[in-house]
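Dear colleague,

Please find below the structure I am handing over to you, together with its sequence.

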Amino acid sequence: MAQVSAVITPIFTLFYGQKDITHDIAPYVLSVTYTDSLKSESDEIDVQVEDTAALWREAWYPGKGDMLMLKLGYQGETLLDCGAFSIDEIELSAPPDTVSIRGVATSVNSALRTASSEGYEETTLDAIASRIAQKHGLKLVGQIKPITIDRVTQYAETDVGFLKRLASEYGYALKVTTTNLVFSHLPTLRSNAPVKRLTPQDVAHWSLRDTINRIYKDASVSHQKSQDKALITANVAGNDSAAPRGKSTSADTLKVNARAADEGNAQVKAEAALDDHNEYQQTGSLSLMGNPQLIAGNKITLDGFGVLSGEWLITRARHTFDRASGYSTEIEVGRGPKTAGNR
């Protein structure tokens, strides 16, 4: 007797506030898309529904700032918990009669995006992040190394924009959710073990790119302190061993214009800047059947892709439930020497 393969059924669950509206909304849903980006300030959701009955024009019209919670995956399996989203945009259009309900993981009810100016002296990155998190009633998530900051100014910047800039200077990615301020240490993510192995047969479409443009051989920081005129310098060498053919970097040095409290501080900034630029040495995108494991910040192994096989970091992921085609995942990936395991 021929063996019958198991049928997997893609599903989603959607809560509006504390109410499970999955059963009510399912007959009208055209698609549900969750976008997760490593370096974006906030994750996003987009719910597309058909509205021939004009329900969303009146009785079902959602409230801006109201909360949506989404999970995606397959029936009988652990679902991808996409988190909570604050509705920030509603779009009605016709013909055909459709509604787009878009939300962001950062609450639109928070003052986190209000521009302000403030100076910080003799402090640490962790202390600044903790202070801003407490100011907005958020929980600080992630381990932040004890990095000394002698002076930094937030000048007419939003709190989230200021923190994102500061995090990037020291090798962190920042993400804001409705309840958390999340710091991810990029060198740690690049060194983690892959969660999934993919071959060309697993992928519906793929594209991988290898470049030398704006990929630097080394980086340097030079800062003269105003108090005692001491010159703080740091130089970080890149690595040429990741190139499948020829050179992997240009002959250029990345000059980092940044304050530095001491040589250790300058070294961290030089390494963060070099790794951030050189992570785009190789980039790509892959489309495949939906997989809840493929989220931004996780690593995958590509096998069977020739010289571009190996470990890659997921920088962006888009998970979509579509009424016609089911559950699919699109990911953007990147790698430099550290992600590839060569530094």
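Of the 343 residues of the chain, 45% count as buried. Please bear in mind that this is a predicted model. The accessible surface of the chain amounts to about 17,100 Å², and carbon and sulfur atoms account for 49% of it.

As to secondary structure, the chain holds five helices and 21 strands. Among contacts between residues at least 6 apart in sequence, 67% join residues at least 24 apart.

Aromatic rings were examined next. A search of the whole structure gives nine aromatic pairs. One of them is formed by Tyr 120 and Phe 162, which are stacked, with 5.7 Å from centre to centre and 10° between the planes. Since Tyr 120 belongs to strand β8 (residues 115-124) and Phe 162 to helix α3 (residues 159-169), the pair ties together parts that are 42 residues apart in sequence. Tyr 120 and Phe 162 are both buried. Elsewhere, ring pairs link Tyr 28, Trp 56 and Trp 60 into a cluster.

With a relative accessible area of 3%, Leu 174 is buried. Neighbours within four places in sequence aside, Leu 174 is in contact with residues including Leu 38, Ser 40, Glu 41, Val 160, Leu 163 and Phe 183. Between Leu 174 and Ser 184, ten residues apart in sequence, the C-alpha to C-alpha separation is 6.5 Å.

With kind regards

Terms used
Residues numbered from 1 in each chain as written. Predicted model: local features only at pLDDT ≥ 70, side-chain atom pairs only at ≥ 80, totals over all residues. Heavy atoms only, no water. Phe/Tyr/Trp six-rings, centres within 6.5 Å; stacked < 30°, edge-to-face > 60°. Helix = DSSP H or I, 4+ residues; strand = E, 2+ residues; numbered from the N terminus. Buried < 20%, exposed > 50% of the residue type's maximum accessible area, 1.4 Å probe, protein only. Contact = heavy atoms within 4.5 Å. Areas by Shrake-Rupley, 256 points an atom, 1.4 Å probe, with all protein chains shown as cover.
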